[in-house]
Amino acid sequence: MNVVLVGPPGAGKGTQAQRLQETYGLRHLSTGDMLRAEVAGGTAIGKQAKAIMERGELVPDAILINMIAERIGQPDAAKGFLLDGFPRTVAQAEALDTTLSARKQRLDHVIQLVVDNDAMVERISGRFSCKKCGAGYHDSFRPTKKAGVCDACGSTEMVRRPDDKPETVRTRLAAYDKQTAPLLPYYRRQGVLREVDGMAPIDTVARLLGNLIDAA
Ligand code: AMP
């Protein structure tokens, strides 16, 4: 099964995708994570993307389209994948359709996490994660059990994303409204769009997503 999660920054796509990967064995593919790895590795793509990401704008379509076409062809995505952060423009969605149909695959669900965009700045501003294992936390909504220590692996090295600053989050939300929201009518027309209340507690959202996938 192939699933896309859509929603503005802070909607919970990464958190939920991580859970769905554990429960359903769908490969979680986050283009944000892939780009951050390119930046950290100092590759040509990373050098091109770094400043754009720091401003909270979208990296050019051609880069992302190639990256995802290559990634979904790898063996670990063959049993099904869960896209988080891609597509983000209609051009990316069209390219994904072309790639999938050439591979005789399709999207089973495009699930929109419906949230109040105004609440996203607060949600994002408190986010941090464990540098070692990647577990995600939040100052107010999901603190570590022991301050400064990762619940999952015990590491004490926590990191915050440079683009999670409030002013950058506002640019990212504006990019979502202008460039990504047009995906919703695109997928509605294809009959694959589903909606889940992304303002509900994390466990409830996970259950609602699970129900949709189980019903497929
Ligand atoms: P994310 O981790 O999904 O919030 O992505 C972080 C940043 O990476 C975004 O603000 C964009 O600058 C860039 N990015 C991630 N995915 C895409 C995409 N599909 N298209 C363009 N830029 C992207």
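Where is the place of T31, and which residues does that element span?

Guide: T31 sits in helix 2, which spans residues 31-41. Helices (DSSP runs of H or I, at least four residues) and strands (runs of E, at least two) are numbered from the N terminus. First, some ground rules. This is a predicted model, where local features need pLDDT of at least 70 and side-chain atom pairs count only at pLDDT 80 or more, while totals for chains, interfaces and linings use all residues. Residues are numbered from 1 along each chain as its sequence is written, and side-chain values use heavy atoms, with hydrogens and water left out.

Start with T31 itself. T31 counts as buried because its relative accessibility is 2%. Buried means under 20% relative accessible area, exposed means over 50%, and partly exposed lies in between (1.4 Å probe, protein chains only). Beyond its neighbours within four places in sequence, T31 is in contact with L64, I68, D84, G85, F86 and R88. Contact means heavy atoms within 4.5 Å.

Now look at the helix around it. T31, G32, M34 and L35 are buried in helix 2. They lie on the same side of helix 2, because they cover an arc of only 165° around the axis. That arc is taken from the directions from the helix axis to the C-beta atoms. An α-helix has 3.6 residues a turn, so residues three or four places apart point the same way. The buried residues of helix 2 pack against strand 2 (27-30), helix 3, helix 4 (61-72) and strand 3 (81-84). Turn to the face away from this buried side. There you find the exposed residues A37, A40 and G41. Just after helix 2 comes G42, with a positive phi of about 65°.

Helix 3 deserves a glance too. M53 lies in it, within residues 44-55. M53 counts as buried because its relative accessibility is 15%. Not counting residues up to four places away in sequence, M53 touches G32, L35, R36, V39, V59 and D163. Take G32 and M53 as a pair. They are 21 residues apart along the chain, and their C-alpha atoms are separated by 9.1 Å.

Next comes the ligand. It is surrounded by 16 residues, and the closest are T31, R36, E57, G85 and Q92. A residue counts as near if one of its heavy atoms lies within 4 Å of the molecule or strand in question. Helix 2 gives the most to this shell, with 4 residues.

Look at the polar atoms. T31 has a polar side-chain atom 2.8 Å from a nitrogen atom of the ligand. In the side chain of R36, an N or O atom is 3.0 Å from an oxygen atom of the ligand. R161 has a side-chain N or O atom 3.1 Å from an oxygen atom of the ligand. On its own, the ligand has 480 Å² of accessible area, and the protein covers 97% of it. Accessible areas come from the Shrake-Rupley method with a 1.4 Å probe; for residues, only the protein chains shown count as cover.

Terms used. Polar contact = N/O pair within 3.5 Å; in protein donor to acceptor, adjacent residues only side chain to side chain.
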